[in-house]
Amino acid sequence: MSKKKSPQTDENSGSWAAPEGSWASSAANRKSMLGNRNRDTSPELALRRLVHAAGLRYRVAAKPLAKMRRTADMVFRPTRIAVFIDGCYWHGCPDHFVQPKTNPEYWENKIGGNIRRDRETDQRLTDEGWLVLRFWEHQPAEECAAIVEDAVRTRRQALGTGRRRRA
Ligand SMILES: [Zn+2]
């Protein structure tokens, strides 16, 4: 998740529409998402629980590359997999991002900057031999967990690290 702070004004926070029936549509979740908490959000926790229950171990909110000041939500070091759960608002989800009515240029730069930064992170990690998995916070945790588990197993086989369980 981005470290950026959330908008403080009602106009801005009121412009983000949660997907119908999603975790974000309850007022409490939405409030926490739009507040300053960026870690341990519900979609992220749900995914972590499922992957952990599947017996996989990983680091939480860790830097995949020591030299790069970017934090991934989950890091599988032996298999070099970095997982990011991108917030629909801050990372410009095509399904849910709605341009705020106030100060459109500011938000375009801000969200656009986040998206460019995400792509740059992807490129740098890929260049270093990492696999980057990005999910939107609106994606079902089960679906994301299946992709993560599959990727870890596939990379383990490819890298011959099948017996290692340490993240
Ligand atoms: Zn979305």
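Which elements do the buried residues of H5 pack against? Let's work towards that from the overall layout, keeping in mind that this is a predicted model.

The protein chain has five helices and four strands. Starting at the N terminus, these elements follow the order α-α-α-β-β-β-α-β-α. Of the 167 residues in the protein chain, 28% are buried. If you look at contacts between residues at least 6 apart in sequence, 65% of them join residues at least 24 apart.

Now turn to helix H5, which covers residues 141–159. With 19 residues at 1.5 Å a residue, H5 should span 27 Å, and its end C-alpha atoms lie 26 Å apart, so the two values agree. The buried residues of H5 are Ala 141, Cys 144, Ala 145, Val 148 and Val 152. Viewed down the helix axis, these buried residues fall within an arc of 100°, so they line one face of H5. The spacing makes sense in general terms: an α-helix has 3.6 residues a turn, so residues three or four places apart point the same way. On the other side of H5 you will find exposed residues, namely Glu 142, Glu 143, Asp 150, Gln 157 and Ala 158. Just after the helix, Gly 160 adopts a positive phi of about 65°.

That brings us back to the opening question. The buried residues of H5 pack against H3, strand S2 (72–76), strand S3 (81–86) and strand S4 (131–136).

Leu 47 gives a close-up of this packing. This residue sits in helix H3, which runs over residues 42–53. Leu 47 counts as buried because it has 25 C-beta neighbours inside 10 Å, where 20 or more are needed. Leaving aside neighbours within four places in sequence, Leu 47 is in contact with Ile 85, Ala 141, Cys 144 and Ala 145. Leu 47 and Glu 137 are 90 residues apart in sequence, yet their C-alpha atoms are 10.0 Å apart in space.

The largest nonpolar core holds 28 residues, and Ala 82 and Val 83 have the most contacts inside it. At least two residues of this core come from each of H3, S2, S3, helix H4 (104–127), S4 and H5. Take Ala 82 as an example: apart from neighbours within four places in sequence, Ala 82 is in contact with Pro 64, Ala 72, Val 75, Leu 125, Trp 130 and Val 132.

Note on methods
Residues are numbered from 1 along each chain as its sequence is written. This is a predicted model: local features need pLDDT of at least 70, side-chain atom pairs count only at pLDDT 80 or more; totals for chains, interfaces and linings use all residues. A residue is buried if 20 or more other C-beta atoms lie within 10 Å of its own, exposed if 12 or fewer, and partly exposed in between; C-beta atoms are placed from the backbone. Two residues are in contact if their C-beta atoms, placed from the backbone, lie within 7 Å. The expected span of a helix is 1.5 Å times one less than its number of residues. The arc is that of the directions from the helix axis to the C-beta atoms. A nonpolar core is a set of buried Ala, Val, Leu, Ile, Met, Phe, Trp, Tyr and Cys residues joined through C-beta atoms within 7 Å.
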